[in-house]
Amino acid sequence: MSGQENKRTGAEIIWEVLGREGVDVVFGYPGGAIMPAYDAMLKYKIRHVLVRHEQGAAHMADGYARAGGGVGVALATSGPGATNLVTGIATAMMDSIPMVCITGQVSSKVIGSDAFQETDITGVTLPITKHNYLVTRVEDIVPAMRQAFYVARSGRPGPVLVDIAKDAQQATTEFVWDGSPVRMPGYRPEHRAGADQLKSAVDLIDHAERPILFCGHGIIAAGAGELLRELVEKTGIPVAATLLGLGGFPATHPLSLGMMGMHGEAWVNQAIQQADLLIALGMRFDDRVTGNLKTYALTAKKIHVDIDRAELNKNVRVDVAIAKDLRTALVEWLPHVEKRDRSAWLSAIDAMKGDSAVRDIQQLPDDGHLYAAHVINDLWRLTKGDAVVVTDVGQHQMWEAQYYKHDRSRSLITSGGLGTMGFALPAAIGAKVARPDAEVWVVVGDGGFQMTMCELATIAQEKLDVNVAIINNGYLGMVRQWQEFFYDKRYAATPLLGPDFAKLAQAFGITGVAVKKRGEVAGVVEAARRSGHATVIDFQVEQEDSVFPMVPAGADLDKMIRRPSPIVETAAD
Amino acid sequence: MFRRRAFNIESLTVGHTETPGVSRMTVVVETDEYGARRLEAHLHKLVPVRRVENITVAPSIARDLALIKVAATGEARTHVMQLVDVYRARIIDVSPESLVIETTGTEDKIDSLLEVLRPYGVMEMVRTGRVAMARGAGAAEKPAARVTQVAGAHDASAGSV
Ligand SMILES: Cc1ncc(C[n+]2csc(CCOP(=O)(O)OP(=O)(O)O)c2C)c(N)n1
Ligand SMILES: [Mg+2]
C-alpha cells in the first residue's frame with residue numbers, strides 16, 4: 001500500500017482502531033466536539049445505537065460488556081455529553097466492567113479557556129476510571145486507544161476514558177497499525193504467587209471441618225465458573241455467592257447455599273459465622289456482605305484470592321492472600337485438594353435452614369395480594385431460569401436475587417457496588433445487543449424506571465425484544481423499608497406517583513399491560529415471551545412489603561430481621 | 001487517589017529522574033503500617049506509576065532544602081554569618097537589609113537553624129519538603145525504565161509511604 005492510501009483523519013482512525021479491537025457496536029449521542037467522528041462513522045460498518053441520554057450510553061456499554069464478556073464502547077460529545085456519562089462510568093468502575101468511553105473535546109487551541117462546552121472530563125473522571133487519556137495530537141490517537149482497550153480488559157477490568165480534541169479528529173496522519181502487544185512499563189495487570197501460598201491454601205482446605213467457598217464477581221469475570229464447579233465437586237464444600245457472583249455457580253446445585261450478606265438467606269449468614277474456613281474467590285468483602293467487621297466470621301481462617309492486590313487485607317484480614325487470576329489459581333489447586341466427607345457440616349447448615357427452605361411459595365394459597373416475590377418466582381419458572389435478567393436497584397433487586405435462581409454466568413446483570421437506580425433499562429439494551437438470541441428481562445422498580453425510561457424510545461428505534469417487568473409498589477420501596485424499620489414509619493419523600501406505565505409504553509409504540517392479580521402473571525409473561533417484540537408489564541404489587549431477612553447496616557451478620565410472614569418465603573431448592 | 005482513599009499528604013516533592021520522561025515523587029504520609037501497605041497497593045494500581053517503595057523502615061537518606069531570608073544589619077549580620085558557618089549553610093544573596101541563606105539537611109537540622117535565626121527576624125522562608133532515597137544498591141536493581149514513587153523517610157513511629 002502506498003503512503004498516500006494510508007493517510008487518515010483522526011476521526012477515521014477512531015473507527016479503524018475500534019474495528020481492529022473487535023468492536024461491533026457503539027452506544028452514543030452526537031454533538032459539536034465529536035461531529036468529525038460521527039461524520040467518519042458513515043464510512044465504517046460498526047453499528048451505532050443512538051441513545052436518549054448519555055447516561056444510557058454508558059449503562060448500555062456496561063450491560064453489553066457484562067452480558068457478552070467483551071469491552072463495551074460509549075461515545076459522547078464534550079461538556080454536557082461527557083458529564084452525562086459520569087454515573088455510568090462510576091457504576092462500571094465499582095463493578096470492574098471493561099468499558100471504553102470516547103468523548104470529543106474542544107479544539108486543543110482553546111483547551112483551558114472555558115470554551116463553549118469545555119469540561120475537563122479527564123479531571124472529572126480521574127477517580128472513577130481505571131485510567132484516562134486526553135489526546136490533543138492526531139498521532140496519539142492510535143496508542144491512546146490501544147492502551148485504553150488493553151487497560152480496560154486486562155487484570156481487574158474497568159472503564160477507561162479517551163478524550164479526543166476536535167482538531168485532532170480533523171487532522172490527518174499516516175495510519176500505522178502493527179498489531180504488536182501494547183507495552184506499558186508501569187502497568188502490571190498480573191501477579192505471580194509463590195508456591196508456599198499454594199501449599200498453605202491447600203492445607204487449610206484439606207483440614208477444614210466447616211468450610212464455605214465464596215463465589216464473587218471475579219469468578220464470572222475470569223470465566224472460572226466451570227473450574228469452581230470442579231473444585232466444589234472434588235471437595236464437597238458448599239458455595240455462597242455475593243450479589244454479583246450469582247450465576248457464577250449454579251443456584252440449583254445441591255451445594256449452592258444462596259446469597260450472603262444484608263439480604264442473604266439467614267442460614268448462609270449463620271453458616272458463615274460458624275465456619276472454620278472461608279475461601280473467598282474474586283470478591284471484596286463489601287460492607288453489604290460482612291455486616292459488622294468486628295464480629296465477622298471470627299472462628300474462620302480465611303483464604304482470599306483476587307486479581308487486585310489492593311483488595312487483599314483491605315476490609316478483612318486474611319490468613320492466605322493470593323493476588324492472582326482465578327483461573328490460574330483454581331487450576332493450580334485442583335490436583336492437590338482432597339475429597340472429604342463433609343456431611344456433618346452440610347446437615348448442620350440444613351438444620352439452620354429449618355422451615356423456611358422447605359416451603360414452596362408456589363404452593364401457598366392466593367390471599368388476593370400480588371407479591372413481588374411471586375412475580376419473580378413465576379418469571380423464573382416460566383423462563384426456566386434461562387433468561388438474562390437485568391435488575392435495577394431497590395427492593396425488587398433483592399427479591400430478584402432471592403427468588404430467581406441463576407444457574408449460569410452472566411445471566412444476572414445488576415449494579416452492585418454503586419447501586420445505580422436507572423441502570424436496568426439501558427443495561428438491558430446493551431445486553432440484548434450483545435446477545436441477540438438471549439431472552440432478556442428487565443426487573444425494575446417504579447422509581448428507577450422513571451429515571452431512564454426515555455430509553456424505551458431506543459428499544460423502539462432499534463426494534464429490540466426486551467421485556468420489562470416493573471415492580472410497581474408506588475414507593476421508593478427500599479428507602480421506605482428503612483423508614484419503616486429505622487425511622488418510625490416517617491415516609492419522607494418516598495411515596496411516588498408514576499404515570500400509567502402501560503399507556504406510556506404504548507406511546508412509544510411498545511406493548512404495555514398492567515397486572516394486578518397473581519392469577520394473571522403467568523398469562524401475561526407468556527404472551528410477552530412469545531410476542532417477539534418488547535412488552536412493558538406494570539406489576540402493581542403490594543405497596544408496603546419488605547425484603548427479608550435483613551441485616552441492618554453495621555449490625556452483626558447473623559443478627560437478622562427475619563421474615564414475619566411465611567407467604568413469601570423462599571422456595572425449596 | 002490520596003484524597004479518595006482518605007490519606008493526608010504531609011509533604012510532596014516531584015522532580016526528574018535519571019531516566020527522561022520519568023519523574024520521582026517523595027510523599028510523606030502519616031499512617032500506620034496497615035495503612036502504608038494499603039497505600040502502597042493502591043499506588044501500584046495507578047497506571048502511570050512504575051515503582052513504589054516504602055522507605056519508612058528501610059535504611060535511607062532524606063534531605064530537605066530551605067531558603068531563609070533574614071533581616072541582618074550591623075552587628076547582627078556578623079552573628080548570623082557565624083551561625084551559618086556552624087550549620088554548614090551558605091549565604092547566597094546579600095543586600096543591605098537582609099541575607100538569604102541556603103541550607104540542606106534533615107528536617108530537624110533545618111528546624112534548629114530556623115530557631116536560632118528567628119531572634120534576628122526571619123522575613124521569608126521556602127522549603128522543598130523531603131526528598132529521599134534508599135541507601136546502597138537497594139533501589140538500583142531495576143534500572144533505567146523503572147520509576148520510583150518513593151516514600152519519604154519518617155520518624156519510625158509514624159509509618160509513611
Ligand atoms: C441514582 C440513585 N438515587 C438514589 C438511590 C437511593 N435508593 C436506593 S433504593 C431506592 C428506591 C428505589 O425505588 P424503586 O425504584 O421504586 O424500587 P423499589 O425499592 O420500590 O423496588 C433509592 C431511592 C440510588 N440507589 N440511586
Ligand atoms: Mg418502587
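How many salt bridges are there between chain B and chain A? In this predicted model, in which local features need pLDDT of at least 70, side-chain atom pairs count only at pLDDT 80 or more, and totals for chains, interfaces and linings use all residues, side-chain values use heavy atoms, with hydrogens and water left out. Residues are numbered from 1 along each chain as its sequence is written, while chains are lettered from A and ligands numbered from 1 in the order in which they are written.

Between chain B and chain A the count is one salt bridge, a term for a side-chain nitrogen of Lys or Arg within 4 Å of a carboxyl oxygen of Asp or Glu. The side chains of Lys45(B) and Asp308(A) form this bridge, at 2.6 Å from N to O. Contact (heavy atoms within 4.5 Å) joins 13 residues of chain B to 17 residues of chain A. The area buried between the two chains, that is, the accessible area (1.4 Å probe) lost on putting them together, summed over both, is about 1,300 Å², with 52% given by carbon and sulfur atoms.

The magnesium ion (ligand 2) is coordinated at 2.0 to 2.2 Å by Asp446(A) through OD, Asn473(A) through OD1 and Tyr475(A) through O, where donors are N, O and S atoms within 2.8 Å of the metal (3.2 Å for Na, K and Ca), and sites may look incomplete because water is not among the atoms. Along the chain, these donors follow the spacing D-x26-N-x1-Y.

Around ligand 1 there are 17 residues, of which Gln395(A), His396(A), Asp446(A), Gly448(A) and Gly477(A) come nearest, a residue being counted as near if one of its heavy atoms lies within 4 Å.
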